[in-house]
Amino acid sequence: MSTANHAGAGFHHAHHFDSAEHQYESSKQGIWLFLVTEILMFGGLFVGYSIYHSLYPQIFHAGSKQLSVTLGALNTVVLLFSSFTMALGINYVQRGLRNKAIIALAVTIACAGIFMVVKYFEYTHKFHVGTVPGKYAYEEELSPSGEKVTRVGALLAEASKLSVEEREHKLHLDETEYEHLTLLNNTKNWPLFFGFYFVMSGIHGLHVLAGAFLIFWVLLKVIRNKVGPEYYTPVEGVGLFWHVVDLIWIYLFPLLYLVG
Amino acid sequence: MAHDQHNYLNHQKGIWSWLTTLDHKRIGIMYFIAIMSFFFLGGVFALLVRAELFTPGKTLFSADVYNRMMTYHGAIMVFMVIVPGIPAIFGNFVLPIMIGAKDVAFPRLNLMSWYMLMIGAAITGSTLFMQNVDTGWTFYTPYSSIKTGMGVIPMVLGVFIIGFSSILTGLNFIVTTHKLRAPGMTMTRIPLMVWALYSTAILQVLATPVLAITLLLLIAEKTLGVGIFDPQLGGDPVLFQHFFWFYSHPAVYIMILPAMGVVSELVATFSRKTIFGYTAIAYSSLAIAGVSFLVWGHHMFVSGQSEFAGVLFSFITMLVGVPTAIKLFNWIATMYKGSIRLDSPMLFAIGFMFLFTIGGLTGVYLASTGIDIHFHDTYFVVAHFHYVMVGGTLMALMGALIYWFPKVTGKLYNDTIGRISWVFIFSGFNVTFFPQFILGNMGMPRRYYDYLPTFTELNQMSTFGSWLIGTGFLVGFFGVIFALLKGKEAGMNPFGGKTLEWTIPSPPPHENFDKTPVLTGGPYEYR
Ligand code: HEM
Ligand SMILES: [Cu+2]
């Protein structure tokens with residue numbers, strides 16, 4: 001591929017490189033190294049996750065049941081598709097198909113948007129039922145026995161006084177979720193799972209936002225004809241970043257949603 | 001050398017041209033100014049900490065203030081001085097020249113790294129005025145996460161950003177070394193300084209992200225209360241230590257490898273002999289970098305980790321001694337029958353070898369699980385790491401400063417001033433830290449505001465030594481000012497160095513080389 005990147009008429013390489021080719025290869029190496037650091041950073045989270053998962057499998061079992069596999073799977077598909085459109089976008093830029101490239105990149109950004117909207121619904125639902133991380137999962141007041149009550153516990157206590165229909169209606173709790181929450185609340189220290197869930201998916205979400213922003217930046221470059229068949233390093237670099245964000249999600253999805 | 005000669009210093013004018021420069025040499029100088037300011041601040045804290053320990057009980061400050069000063073001293077010295085020190089200042093200045101390149105691979109990123117260091121330092125430093133932090137530089141949980149104030153968050157955020165700066169510098173150096181070597185400059189012909197910086201860069205890129213996530217988790221712990229480090233919520237505070245040392249042990253080699261690179265250059269130049277065992281020195285840098293990832297558990301022998309882990313970490317830790325000794329013996333073999341010139345940079349190199357050896361050998365004590373139970377968290381540890389970090393890295397930094405000063409500025413650093421500075425630093429250093437080995441052995445714990453009256457004399461000796469060190473650095477600084485104002489013209493190669501930077505004018509021209517050099521031999525060919 002790289003041979004296509006020879007110095008064309010318009011493109012000027014920086015003074016400390018021999019040629020545009022030389023500059024391209026150096027940039028690419030830099031981008032790969034940066035991606036290694038991203039993977040290592042998430043690696044730290046994965047290590048923490050595995051340690052606690054092996055220590056307290058019950059917590060992770062009960063916690064993951066509480067996540068919506070449907071929404072998680074939907075987001076997985078969306079991200080996979082966006083990786084595909086990103087790859088197309090790079091290819092179009094390399095071949096000088098400006099309009100197609102603009103569409104492909106715009107679709108990629110839209111996918112990032114869909115991903116974040118789905119995340120928004122997932123997060124707000126968790127706030128609603130009280131499956132939030134660590135200390136925020138506990139109610140302020142202590143129960144008569146002196147043990148701390150979780151917000152989920154409080155919700156369940158309220159629900160247990162209601163009929164099945166009323167739960168659906170008033171508390172937006174269907175029967176399966178009621179059961180899952182009961183299981184969860186009977187597991188000691190379950191908020192730890194949501195600590196991992198929010199931190200891991202949160203940091204990943206920030207990467208999705210950063211990626212969308214970067215894709216928008218290269219989209220502007222495409223529109224202004226700053227990149228094309230002669231010079232497409234930024235597009236390719238951002239594309240690689242996007243694939244890594246996608247890849248990390250591919251690991252997060254089974255770890256968080258499917259371990260139950 | 002004519003004054004109107006065109007070089008990187010007069011290529012462009014005005015403060016703005018410096019703040020926006022993409023020239024690696026100017027960026028190196030900007031790092032010098034920034035890091036030396038941090039060093040001054042950290043040094044003042046050090047002197048105050050030592051002053052407080054002049055007598056048992058309260059000498060000058062309350063225990064609270066003492067804890068904060070100790071924390072800022074450690075955090076500033078580690079994250080803002082010794083870790084970035086040699087690579088950011090001298091690496092930036094000499095690495096591209098040494099491999100025959102016109103600049104680093106990503107000049108814009110290089111400038112950005114400098115700004116990230118400044119921003120990180122500003123955020124960390126701002127806590128001095130808003131929220132004082134008293135956790136110690138290691139930010140151990142649960143104290144940092146549950147007990148102490150919210151000031152830990154900006155403090156740690158600043159360190160996170162500084163870490164980013166370190167990653168970007170490392171990344172830049174790796175690509176530069178891979179891609180920008182002059183024709184004929186094979187990997188087995190690059191100067192040993194470059195090998196050292198290259199190994200350091202690998203560590204920076206591979207270890208720092210783990211620090212980043214650790215600090216983010218600490219922030220998450222404090223803001224969201226996620227509970228990963230909180231036993232009350234099911235977490236484990238010791239996990240923080242594992243994560244922290246997985247970075248911070250390799251980080252001690254981020255501090256020391258560049259220093260070893262400097263010493264290799266100094267030994268070669270001032271012995272006027274081909275360096276003995278070039279390949280062994282080069283690859284031992286990589287070996288040290290590799291092994292350093294596997295030994296973090298030696299900081300946690302008494303944390304309740306399994307006995308098996310203790311034994312394993314102890315064994316692997318001692319392995320680090322092998323590549324380190326290889327370097328030391330090769331330097332000595334180089335000096336053997338060489339025509340050694342004891343100019344001040346060489347004195348600093350010899351000081352490095354002396355102090356670093358003491359530091360390294362006491363490391364072996366600490367790495368023995370049984371002995372560490374006696375020494376852990378005592379002044380013995382404090383003495384150990386000061387011998388390696390200060391005695392090692394700062395000695396090399398001073399040597400590097402005087403050695404490359406003429407190249408950077410075109411002026412000679414006065415050798416007599418250099419020697420006086422060395423005498424103060426070297427003797428002051430031993431007066432300060434040697435008694436701490438004894439104190440540690442007698443059982444004085446580290447990080448304490450108060451001590452038993454029996455420890456008084458040794459503590460006073462130590463405090464007195466700190467004044468000698470302080471004087472030594474002031475003399476060194478005076479030498480810089482004096483050389484800038486009154487220094488003699490240096491010429492191209494005042495010390496008879498053989499690496500590429502000595503083949504171009506001092507100060508170097510804007511693009512380093514008028515004609516790209518072509519290499520036909522190794523870096524240190526004295527015959
Ligand atoms: C390369 C230069 C080195 C540097 C810059 C260095 C630095 C340090 C620092 C900063 C600490 C204290 C950390 C803290 O605040 O808790 C420390 C502790 C320690 N070092 Fe080193 N070190 C070096 C080499 C070595 C070597 C060669 C060994 C062993 C062969 C070693 C073994 C240890 C051990 C076992 C401890 C833990 C002591 C304890 O807390 O009980 N170090 N070192
Ligand atoms: Cu260590």
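I began with B:Leu48, which sits in helix α2 (residues 24-52) of chain B. Helices here are DSSP runs of H or I with at least four residues, strands are runs of E with at least two, and both are numbered from the N terminus.

A note on the model before going on: it is predicted, so I kept in mind that local features need pLDDT of at least 70 and side-chain atom pairs count only at pLDDT 80 or more, while totals for chains, interfaces and linings use all residues. Residues are numbered from 1 along each chain as its sequence is written, chains are lettered from A and ligands numbered from 1 in the order in which they are written, and side-chain values use heavy atoms, with hydrogens and water left out.

**Entry 1: B:Leu48, continued.** Leaving aside residues up to four places away in sequence, B:Leu48 touches B:Phe61 and B:Met69 (contact means heavy atoms within 4.5 Å). I also looked up B:Thr516, 468 residues from B:Leu48 along the chain, and their C-alpha atoms are 51 Å apart.

**Entry 2: B:Glu511.** This residue is in the segment after α17 (456-486) of chain B. B:Glu511 counts as partly exposed because its relative accessibility is 29%. Its C-alpha atom is 9.7 Å from that of B:Lys25, although 486 residues separate the two along the chain. Not counting residues up to four places away in sequence, B:Glu511 touches B:Lys102 and, across in the other chain, A:His15.

**Entry 3: helix α5 of chain A.** In α5 (residues 151-160), I noted A:Val152, A:Gly153, A:Leu155, A:Leu156 and A:Ala159 as buried. They are on the same side of α5(A) because they cover an arc of only 160 degrees around the axis, the arc being that of the directions from the helix axis to the C-beta atoms. These buried residues pack against α4 (98-129), β2 (148-150), α6 (164-171) and α7 (175-185) of chain A.

**Entry 4: B:Thr432.** I found B:Thr432 in helix α16 (residues 415-442) of chain B. It counts as buried because its relative accessibility is 2%. Beyond residues up to four places away in sequence, B:Thr432 touches B:Ser462, B:Gly465, B:Ser466 and B:Ile469.

**Entry 5: ligand 1.** Which residues come nearest to ligand 1? Of the 22 around it, they are B:Asp372, B:His376, B:His384, B:Phe385 and B:Arg446; a residue is near if one of its heavy atoms lies within 4 Å. An oxygen atom of ligand 1 is 2.5 Å from a side-chain N or O atom of B:Asp372, and a polar side-chain atom of B:His376 lies 2.7 Å from a ligand oxygen.

Notes:
A polar contact is a pair of N or O atoms within 3.5 Å; within protein, one must be able to donate a hydrogen and the other to accept it, and residues adjacent in sequence count only if both atoms are side-chain atoms. Buried means under 20% relative accessible area, exposed over 50%, partly exposed in between (1.4 Å probe, protein chains only).
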